Each structure stands twice: as C-alpha cells, then as structure tokens.
Amino acid sequence: MAQVFPKWANRVPLILGVGAVGFALFATFGIWYWFSPSFTDAGYRPEQPVPFSHKLHAGDLQVSCLYCHGNVERAAVASVPPTQLCMNCHTLVARDKASLEPIRSSASSGQPMMWVRVHQLPDYAYFPHAPHLRAGVGCSSCHGNVKAMERIQQVQPLSMSWCLDCHRNPKHYLRAPEELLDTSWEAPKDQDVRGAKFLAERHLSPPIDCTGCHR
Amino acid sequence: MTEPIDLTATDPPSAEPPGYAEPPKDKAYWRSVERLLASPAVQEELQRERESEFAAGALEAPDELSRRSVLQLLGASFGLAGLAACRRPVEHIVPYVHPPEDIIPGIPQRYATTLPHGTEALGVVVESHEGRPTKVEGNPKHPASHGAASAWAQAEILNLYDPDRADRVKNGEEASDWDAFGKWWAERATALAAGGGAKLAVVAAPFASPTLARLARELFARYPQARWVAWDPLSEETQIGGSGAARPVYQLDRAKVVVAVDCDLLLTETNAVHNNWTFAEARRPERAEGMLRLYAVEGALSLTGANADHRLALQPRHVAAFVAALAKELGVSAPGPGLPEPHTLPAPVAARVSAIARDLRAAGAAGVVAVGRRQPAAVHQAAANINRALGSAGAAGAAPVAYHALDDVATSSADQLRELVAAMSAGQVDTLVVLGGNPVYDAPGDLDFATALAKVPNTVCLSAHRHETGSACHWHLPEAHPLEAWGDARAVDGTASVIQPLVAPLLNGISRVELLGLLASGTAQPGHDLVRATWSGADDLAWRRILHDGVATAGAPAPGGPISSGGAATRAAAAAQNPPAAASAQAAGNEAAAANPEAPPAAATPAPSAEENAAVTTQGVGGGPVAAEHAEEAKAEAPAGGLDLVILPSPNVWAGESANNAWVQELPHPLSKLVWDNAAYMAPATAEELDVETGDRVLVVANGHRVALPVVILPGTPDRTVVVELGYGRQGLGRVADGVGGNVAPLRSSKDLWGSSSCEVHKTWGAHQLAMTQAHHEVEGRPLVREASLAEYRENPKFAHEPDADELEAIPLWSDPVSWDKGPQWTMAIDLSSCTGCNACIVACQAENNVPVVGREMVSRAREMHWLRVDRYFSGEPDAPEIVFQPVPCMHCENAPCEQVCPVAATVHDHNGLNAMVYNRCIGTRYCSNNCPYKVRRFNFFNYTKDTPELMKLAMNPDVTVRSRGVMEKCTYCVQRQVEVRQAAKLAGRPVADGEIQTACQQTCPTQAIVFGDKTDAQSRVMARKSLPRDYVLLGELNNRPRTSYQAKVRNPNPEWT
C-alpha cells in the first residue's frame, strides 16, 4: 500500500508546535508593543488649524511657557490661550502673515479656535497641573522638549503605569523651582540625592490610591 | 453645635457596668404595611426577594428591550467596537476668544443668589463651571437657609436645564418674538387705558418681591380699574387672614413645647429649611436648655407628624375642634364663631387635650401652637390668641413665634379668583395676563377656568413650559428660570435679597420682572435696570456687596406692605351685593399692618365682622357647605360615602411646578417611598372597609369631580380619610411629567381648597404598577435603628451600645491592606435624633455625583441608583405608628465585605479609609452588592445616560465620572470634594482644616444630622459627635468596622402621657 503521507509530513507536528509557540510569542509581543500607549499614543502629532511653532515662540523668541499657559500654576488645566492673547502680539508682529488668517478671523468674528488636543487622558482620569508644578515636576517630564518642537507632539505614553512610575519614585523627576520651565532639562548625576531632598522638604506623598486620580 | 453635657452626672451609680440595653422585644420595626399585615401573596414575594441575590425582577430586561434584542445589540456593538477602535478620536480644545474676567477654566465659581418658591425665598450659593450652573448650596448668611438647602432647591438645577421648556415667544401657533409682543401690547395698552384698565386682568403666581410689588403698584396707578388676582394653589390666605394680615415665623430653638396642628413645619409649610435647622438645634438630647417636645395633631400623615413625640391622627373634620378644646383648656377667650364646639372632639383625643395644655402652660413663653395652611382662618386666630396668651408671640428672632407683615407679597385669594372667573365668563375682561402660574391646571374644579379663559379675546401667558394655560392663551411668553434672570425676593422674615442670573437665558426666556415692567410702563426694559431701580437706595459699592453676600445689610428697599389692587377694592365697594368678604376683611387688616408692620397681631386683628364670620364659616374644614349641586351629584353617584378628603401639596413636585423634573419625580416620597406617582393614601382600616389594597385603582369623587388614582395604604393616616397630593396628572408639559399620576386639583372647591367631608372612593377595575422603594434592599429585621426616650437615655446613656462590638476580635481574612493610623482618616456621623427625613440629601447627592434617573419601571425592579437612601421604619400599631428615618450611604467599612469578593479588585481601599470604586476595572459581576450587608451598592443595568438630552448634559458635574452600563457604583464620601480642598490647601501651603471638606449630603442637610471629618483629629466635629454615648454602628457584630456611624434617636415623650 502506498504511503498516504509523504515523508516531510513527519515534521508537521514539530512545525506546528514551534509555529504555535512562535505565534504566541509574537502575539504577546505584538499586543505588548503595538497595543500599548507607547506605540499608539506617543508620537501623536496632529496638524493644527494654525501651524503654531513652539520652537519659534518658546525656543527662539524665549516667550515664557506661562505667558500663554497662565493658569498652569493655579488650575487643573494649563489652558490653551484665548485668541485675544495671540492678538496681543500679532496686531503688531506678522500681522499680514497668511497662515495667521484663522487667528485674525477668530478675533474679528468671535468664533473660537478649534485646536486639536494632543495630550489626551481618558475622561475618568483627573490630572491637575497645578499641584504637579508645585511639587516640582517640570513641563518636559510629561510634554518633552517642547521648545524644540515645530509642531507639538506627544512624547510620553501617558499611560497609567507611566504615571505610577513617577508617583512611586518621584525623586527621579523632582526639580528645583528655577528648572521647571526648562524643557531641555536633563537629570543631573546627583538627581536621586536632590530629588530625595526635594521630596522631604516639600512634604510630598504622591497618591498611589485609585482615588488619587479617579473619582 | 451645643456642648455635650456630662451624662454620667445623671447616671445613677450602679454596680453593673453600663451595657447594652436590650431593645424592647415588642418594638418590632417594619418597613411597609404589607410586611406587617402579611397578605400571603406579598409574603411570598418578600420571601423570594429575601432568598434571591437581588430584588424580584431586578435581573429582567425592561419591556421595550427584550432579551433577544439585547443580544442583537450586543452583537452589533461588538462589530462596531472593533471598527471604532481603529481610529483615534480627535478631540478639540476650544479656548475663549476674549476670556471673561475672573473665569479660570477648571476652577468653579460660586455666586450668591436667591431662589424664590411661592411666597418664600431661599438664599443660595450656586456653583458654576465655566458659566454653567451645576450645583445649589445654601447661603450661610441668609436667614432662611443657614447654609442648608431643601430638596426642591437642590433640584432647581434640573429645572434650568429642562429641554421641554418653551424656547420662543408664540402668538397662537406662530413663532414670534419679544419685540412683536411689545408692539402688540402698545396697541392694547392704549385701548385699555381708555377705560382705566377696567377690562384688563392679571392673574399672578405667588411672589414676595420688592421689584414685582413696585411694578404691580405702578400697574395699578396706570390702570386703576384693572383686576389683580394672585392665585397660589398652595394658598396661605386663611393663615394670613387669621393671623391678622401677618404670617407666623417660627424660631423653634427658642421653643420647648410645640403643638403642630395640621402644620407640616418641616416640609411643606413656608420656611421649612429654617424650621428644620432650629428644630434640630432644639432637639439635641445633650442640649443644656432641655429638649423640645413636639406634638402633632393632624388629618394626614406629615413629615412633622412623623418626627413628633406624640402624634394624634384625627379625622380632618375634627382638627378645628381640637384647637377649640385646647383654647378652652388654656382659658383663652373663644376666638369666634368660626370654630366648632370643643365637645365635638372624639373622646380618645379629647382625653389628651388637658395633658397637652398642661405641658404648654408649663412651657409658658416657650410654648407654641403652629397651625398649617389647610386650617380655616378661625383656627389660625385661635392659635395666635393662644400664643399671645402663653407669651410666645413676640419680636422677630427673640420669641419662638413672630408675626410678620406680608411686605411686597401677592397674597392668594380664591374668592378673587372666583370673582374674576365670573367676570371673564360675563365678557367683562378683554385682556388677561397670566403672570406665571397655571390656573387652567390648578384652579379649583368648581371654577372651570379653562372655559372662562376661552371667552377672553386677548390672553397672554408667561410660563416656563407651554403648559395647560400656556397653550390655551393667544400669546405665550417663555419664562426665564431664576438662575437666568434678574429679580429680587423677600424671605418670610422680610429679609430682602437679589436674584442675580448665573447664565444668560438658555431658551430666550423673559422674566416676570421684565413682563410686568412692560405692562406697567409700556416700554420693555432690561430686568437688571428694573431691579436696580427698586434697589436705588444702595450705591454701587453697597450693590456689589449685596450681590456678593446674597443678603442686604444696607440699602435694601423699604418694606412696601402687602399688594392689593385698587381696582378690586373700588369694585368691591361699588358692588354692594355679595361682597368678597374675606378680601375686604383682609384688606382692612392689611392697612392696619401697613401702618404698623411690627405690631403684634393683637393690634392688627380687627374684631370679627359679620362678613368675616360668614367667610370663616364657609371655609370651615369639613363642616363647610360644598356647592349644593355638586353634593347632589355626588349623592346620586353612590350611596356610601362621607369620607374626609385631604388635599396636600406633593413634597416632591409641589403643586406641579417641578413636575417635569426627573430628580424629584424619582425622589422617594418621604413617607410612602412612592416614586413617579401620586396616590390615594388611606389607613389600613379604611382600606379594609373599602375592600382595596395597595395598587388597586380607585375613583376619588369629591365636589362633583372624579380622579382615578392608585391606592397606597399608609399607616398613620386617620381613619375614614383619603389623602391625595397635587401636582401630577400633567398633559403636554414634557417628557417627564406627562402621564404620571392624576390631577386632583378639580377635586378642590374654591370655598374649601384643602378637602371635603363628603368624599367617596369607588374601587375600579385594574391594578396599577406602583414603584415604591420601601421594600427594596431588605435588611432582615436586625436592630438597625435604635431609639430611647430622653428619660431612658439619661438613665442609660449607652443604650445603643453593644458591648460585644468592643470585644470582637478582629479576624481579618488578610492583613489590613493599609494602615489606619496616619491622617486624615475619613469618617462620617449621622444623628438619627436630628434627621427629619426631608430628602434634601438625596437630591444633593444626585446633583453632585451625576447619579442617573432610571424611571418608574426600573425603580419597581429595585434598580434605583440613589447612592444615599433614607430608610423609613414604622414601629408600633399600624393605626398610630412611630416613625424613624435613617439615611444610609456607603459605610466605607474598614474590613469591607465587598472588597473581599471582587474578582478584579475593582473596589479597594485607599490610604484615607475610603472604600473606592474603580469603574474601569469593574466587570459587573455584582458579587460586591451581594456581599454588602447594607445594600448600598448600585448597578448600572443599562446605559442610563445615553439618551440624556444635550441641554441636560450641562447639569453634569465635570469633576465626577459619568458611569456607563455594566459597572457598580456607590457613595464615595464625595471624593472629588476632598481632592479639590486638598489640592487648594496644598497650593496655599496649609493643612486642610476641620470642616473644610463637606460632603454634598452634609452641606445641604437642614438639620446638620450628617457630619464628616477626620478620625485622627480628636478635636474634629465628627469625633465630638462620635464620642456621644449613643453612638453605634450598623451591624457591628459582622466586624466590618464601618466608618459611618449613627447616633441613636432620642425621643422626648411627655412623662404624663401613658
């Protein structure tokens, strides 16, 4: 009787076994990597209605972060500036620039600008800016080196585990007050010592309870 | 708060350690009469509920959504979910163009304003998020509020965002605008002015407002012959007439003995928040001055009666005789022939009169007799005489009762309304303006306002909804909500305050001030200017101060006396035959009061004239003759009868103003725990006599009109009495109100607004699905409420304490997840002695925490979502029960049973002792709810917020997550408020002070029954409360270690009373 299966069929179980393991590993990696906010969210760089350059304003011209995001020290939201604030300068500077037309028409018509939100947390997570700044977490810890960005983009995953990394070990990130707005800040060599000192001085106990952020 | 007195001083020395006094075995508590009276079917149902994990039917889908279609929907949404997740949703940030001053996005603002409610006003502070009001709180500076607010005030937010409000001026069915109306009115004004306004009539909803009063007087000056009728379905005219053109304002913390006669001081009478506040103050058992004793004698079970130490349920027809007997016993001169003879009082009650009288006499100037608006003028007069004789009537603030003149109040008059309807029918009225109110719906049945209205050629109606009256008028103007328009108001004690808008009219609303301003002056003026003109005594600085504080310290308009139309008075004088007696007597009284507003009623009360006596007899409760033809009709329809009918305002929707408000519709009735309905309430014995049960449909017949209502057996209702409530049975009002309950206003007669003594009840076919929360979440007769008399408390202060609770060895299933020694550790104390069961906390919680409304069908399946419920327990005999109220939020157990069964750790503890609920972890197993001994967890069986109208979404609190289908939720101790205060304190570099964090229920509580604070701070208010000897926890034997504890109820019965 002729053989029903060819010889190579002997290897099928092995191939299947290795393949299944390989696929499982690949799927695990795939979900871990491609489904995580580090992949899906970090790097989000949408086009804005006006090509506003943080590099030009905050970097080259050295306009303070607080000039536009004035509520960051007081409120939960840093607040995107009202049109009127843009016009404080742009009634004098670059007043005819074509790309600023949406700003000018917003100011004259009263229709608000529709900026695209880049750093987006789920609705059930409540992040307040003011206490973080007060504690000594600088802008760039979450927002990256904004002063070098032509178009603003998300650089951190903003996932819960990412939040908790800092809430559990804040000393790696705490800065001196004068360093808070420096978006090119990098942790100095003695950061852990400095951070521990800030942690003690400022009586910080970052919440790691659910109720800290969810309510 | 008063200092706790040292109770050990009164504790007799004893060898035995103070221990747990066994609650008397015969004191069984029951939640519903079905539970007590045990019809087999109901018992079976209750048994099923007891055995099941959830209440019967709780697991079934609603009718319109069958199991099959649910599965289809599930399949479809799975498919769509996959697609939707492929694309990141683009969200926009929309900043202001020109930022408004003082608004910092994300930080709410709070403005003081006033909420008018009939002829009273409550000073409030309203929270506003980026220009949208979201939450009402009391204004601590306002004398009617003390910082607390009532259920209706809390619910006003939803009235503001009611999508069914009228949104444009309409002329017939055509859309029009305010300018077009102004032009039309200018033409009418010329024609009307020619006759001195004799053909103009205004029907005004009740108000107490300096600006509206000023404009009304300007209107009278311009049209001296105009008819002005104030109509309030909750009319206080007998009270005002009987109290000498004044209104009693109580200061209960100065009283020792209070006798409430048909007087629901704590809920439906005016100034209820203030009454609750002062009542609770006087009821603290540890108070050094002694504890107030409350007697209630009433023809229908009221919240005040439920809180009384002694309550006499009396058939309404006999209530007046009780006051007559009391006056006689106290030796107060017979107040007039309007009162029935004392000997008509039934013997069991008559036997109690002397004991009450002795107690009152002993209290002297601290003894008060309070009579409610349902009683005729003669009874009010008798009560005023008694109070004067006791010496309790005196100056405002200093005496337990002060009689306040009705400054700038439009006093309702049923007689004037009857006269107006006659004039309308006779074609004497050419132009009728309905200035708020809804007379087509709520006018007494004998008047037939709708038919008369159709005979008036020009009609104008200003109202928030295009309701029964609005759709019957030619012009309809949308009325602005008090949070959208300028105005002013006077509290019942005369304090004037300004109503300032928090938001521009959302739906093109026009305020009453603006309309009356147009009518009075002929030109449309902004509401702000009209109000500012009234307050011209305040310079700009003082004005800003008044707006900031919410009450006027200086610069308030002078009291203007009551409002009465000159036209009506002159017409009354001219028409010799059939003078409106009550009106003229009242006008006479008004003049006296206006001359000397602070005079006690002795000086103001005129000797009873012949007309007044006549008026009084026609209004005599029960005994008054009803219209002959109606009586004939009623007799012809049925041979049996003679029941007493009592008509009450609904404590939820009142006379119908809030009928389209889903929060109040779903608010359990304080006594019957009925939602989404009104009912014919009757005593168990009466129901047996009529052969009806709870849920049966009956026809209630009175005054020639009939209304179909479901029966609810309510223990404590007097025998042979049927109690019905106003405000339901709406048509065409809106999606919430329509088809809910039956309208009982036609059962009223303009001669006796509050009932009838010849009511009949006929059983009809069919049963009605009633949604009552009273039997939900059954807790198996454990000693949940504990109470004692004051004497027992003094003898054994720790009567509520279980010694076992201390000895319980904490045997945790695992080691404590967190340590409890580092502060703050949040905890709550609820004083059952203070709680009056007014329900304000439930609505406050709902507004603060975005708690969804689920509807009648869902509630009938025990799916109500309220995070805080107020349990009501009866004890004793069903015909004379004692009642205890117990608010039950989440207990935040340290050793929480819910946490131990959650398979996904969706409910866990935080370091401050909160039992947190993590919505996004919850997979909806409901194990936690099953394992919760207090049944305080609520499950979202459906996505209840999915269909929320856009406008209503504005009412949501942005600081609290809106929950979706399939997750469990529960009280969080208002964690968002804790976070807000904690972060603000951190930014300011200071610690959080005691009392700075207030939960929503605590902040609104008019009796301060709820206190929240830090367990590790020995000086905190909450620990002072918890250190009282009557402190206990619910089900302590389970070793759950609840953070919420209760202070047992202490009653103050008369020792003479056996």
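## Exercises on helix packing, burial and the A–B contact

Helix 6 of chain B passes helix 16 of chain B in a left-handed crossing. This crossing, like everything below, belongs to a predicted model.

### Exercise 1

**Solution.** 

Step 1. Two packed helices are described by the angle between their axes and by the distance between those axes.

Step 2. Helix 6 of chain B covers residues 210-222 and helix 16 of chain B covers residues 512-521; their axes come within 8 Å and cross at roughly 20°.

Step 3. On the side of helix 6 of chain B, the contact is made by B:Thr211, B:Leu212, B:Leu215, B:Ala216, B:Glu218, B:Leu219 and B:Arg222. Their counterparts in helix 16 of chain B are B:Arg512, B:Val513, B:Leu516, B:Gly517, B:Leu519, B:Ala520 and B:Ser521.

### Exercise 2

Determine how many residues of helix 16 of chain B are buried, and state what phi B:Gly522 takes just after that helix.

**Solution.** 

Step 1. The criterion for burial is 20 or more other C-beta atoms within 10 Å of a residue's own.

Step 2. In helix 16 of chain B, B:Arg512, B:Val513, B:Glu514, B:Leu515, B:Leu516, B:Gly517, B:Leu518, B:Leu519 and B:Ala520 are buried.

Step 3. Nine of the 10 residues of helix 16 of chain B are thus buried, and the helix is mostly covered.

Step 4. Just after helix 16 of chain B comes B:Gly522, with a positive phi of about 90°.

### Exercise 3

**Solution.** 

Step 1. B:Ala151, B:Gln154, B:Ala155 and B:Ile157 of helix 4 of chain B meet B:Ala840, B:Val843, B:Ala844 and B:Ala847 of helix 28 of chain B.

Step 2. The residues of this contact between helix 4 and helix 28 of chain B divide into seven nonpolar, one polar and no charged.

### Exercise 4

Locate B:Asp408 and B:Tyr973 in chain B, and decide whether B:Asp408 and B:Tyr973 are buried or exposed.

**Solution.** 

Step 1. Most residues other than glycine have a negative phi.

Step 2. B:Asp408 is not a glycine, and its phi is positive, near 55°. B:Tyr973, likewise not a glycine, has a positive phi near 55°.

Step 3. B:Asp408 lies in the loop between strand 15 (401-405) and helix 13 (414-425) of chain B. B:Tyr973 is in the loop between strand 36 (968-969) and helix 33 (975-988) of chain B.

Step 4. B:Asp408 has 29 other C-beta atoms within 10 Å and is buried; B:Tyr973, with 25 C-beta neighbours inside 10 Å, also counts as buried.

### Exercise 5

Describe the fold of chain A by its secondary structure, and explain why chain A is described as spread out or compact.

**Solution.** 

Step 1. Chain A has 10 helices and one strand, in the sequence order α-α-α-α-α-α-β-α-α-α-α.

Step 2. For 215 residues the globule rule gives 17 Å, whereas the radius of gyration of chain A is 25 Å, well over that value, so chain A is more spread out than a compact globule.

Step 3. Along the principal axes, the C-alpha atoms of chain A fill a box of roughly 95 × 50 × 35 Å.

Step 4. Of the 215 residues in chain A, 18% are buried. In chain B, which has 35 helices and 40 strands, 58% of the 1058 residues count as buried.

### Exercise 6

Identify which element of chain A gives the most to the side that touches chain B.

**Solution.** 

Step 1. The contact joins 32 residues of chain A to 31 residues of chain B.

Step 2. Helix 5 (83-90), helix 6 (101-109), strand 1 (115-116) and helix 7 (129-135) of chain A each supply at least two residues of the side that touches chain B.

Step 3. Helix 7 of chain A gives the most, with three residues.

Step 4. By class, the side of chain A that touches chain B has 17 nonpolar, nine polar and six charged residues.

Methods
Residues are numbered from 1 along each chain as its sequence is written. Chains are lettered from A and ligands numbered from 1 in the order in which they are written. This is a predicted model: local features need pLDDT of at least 70, side-chain atom pairs count only at pLDDT 80 or more; totals for chains, interfaces and linings use all residues. Helices (H or I, at least four residues) and strands (E, at least two) are DSSP runs, numbered from the N terminus. The radius of gyration is taken over C-alpha atoms; the globule rule is 2.2 Å times the number of residues to the power 0.38. A residue is buried if 20 or more other C-beta atoms lie within 10 Å of its own, exposed if 12 or fewer, and partly exposed in between; C-beta atoms are placed from the backbone. Axes are lines fitted to C-alpha atoms, for helices over the stretch in contact, and angles run from 0 to 180 degrees between N-to-C directions. A crossing is left-handed if the near helix is turned anticlockwise from the far one by less than a right angle, and right-handed if clockwise. Two residues are in contact if their C-beta atoms, placed from the backbone, lie within 7 Å. Ala, Val, Leu, Ile, Met, Phe, Trp, Tyr, Cys and Pro count as nonpolar, Asp, Glu, Lys and Arg as charged, and the others, Gly among them, as polar.
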